[in-house]
Amino acid sequence: MAPLLPQAVPKTFAPPIPRARHRLAPRPPCAAAFLRGLFPARPPPAKAELLRLIADQGRGLETQSDPARLADIVSCIDALAAVSPGADTVSDAAKLSGTWRLLWTTEQEQLFIVRNAPFFRTAAGDVLQVIDVPGGALNNVITFPPSGAFVVNGVIEVQPPQRVNFRFTRAALRGNNWEVPFPPFGKGWFDTVYLDDDIRVAKDIRGDYLVVDRAPYSWDG
């Protein structure tokens, strides 16, 4: 006789199937970064023209009597500054810091010493600006090989996007085993209007210009 009520059929449960763990594929590199790697940015044309114009100017001595060349050089500097107007050139401490070697300037005091060094039976060697952003230090150095130097020490404070405020604290003419101190003088600021891996271009509080390249050595005075 058939049962009056249907009997429940016991359910069978299959064990859960473990899910495979899938690793996410690495994100493809940014297209812009990839293209930059294939086609590195070219330096602005004004950079090559600036270096050409100052190459025979004796670090600025010859430009003092050539107003036309001065105008051309300043025009190139303005063009470089316009490549990235207002770009932050001082916040990257590693890029701004270093031993910078003078290529050209309109700064009268430095040019006076370079021009008149032979009267003291010597000649000016490298003219350096040594910047240490983490240490807050600035050293302006005119070398007189093999062992002499005129060194002006100072302190700095960066003011983004382009300004460095400075105050000189000490000056001395140094020889191999001697030193003649001078009273420190001067304070002001300079703006780094262009900076790349090779050169730096600055304009200071008096309207003087400075073009320097990164020296192949470090001055530690």
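This is a predicted model: local features need pLDDT of at least 70, side-chain atom pairs count only at pLDDT 80 or more; totals for chains, interfaces and linings use all residues.
Me: Which residue in E9 is the bridge partner of Arg101?

Reply: Asp213 in E9 is the bridge partner of Arg101. Strand E9 covers residues 209-214. Five bridges join E9 to E1, again antiparallel.

Me: Now a helix. How do I read its buried residues?

Reply: An α-helix has 3.6 residues a turn, so residues three or four places apart point the same way. Now take helix H5, residues 108-116. Gln110, Leu111, Val114 and Asn116 are buried there.

Me: Which strands do the buried residues of H5 pack against?

Reply: They pack against E1 (98-105), E2 (127-132) and E3 (137-144).

Me: What about loops? Where is Ala123?

Reply: Ala123 sits in the loop between H5 and E2.

Me: Why is Ala123 called partly exposed?

Reply: Compare its area with the cut-offs. Buried means under 20% relative accessible area, and exposed means over 50%. Ala123 has 45%, so it is partly exposed.

Me: Which residues does Ala123 touch, not counting those up to four places away in sequence?

Reply: Ala123 touches Ala117, Thr143, Phe144 and Pro145. Take Thr143, which is 20 residues from Ala123 along the chain. The C-alpha atoms of these two are separated by 8.6 Å.

Terms used. Residues are numbered from 1 along each chain as its sequence is written. Side-chain values use heavy atoms; hydrogens and water are left out. Buried means under 20% relative accessible area, exposed over 50%, partly exposed in between (1.4 Å probe, protein chains only). Helices (H or I, at least four residues) and strands (E, at least two) are DSSP runs, numbered from the N terminus. Contact means heavy atoms within 4.5 Å. Two strands pair if DSSP finds at least two bridges between them.
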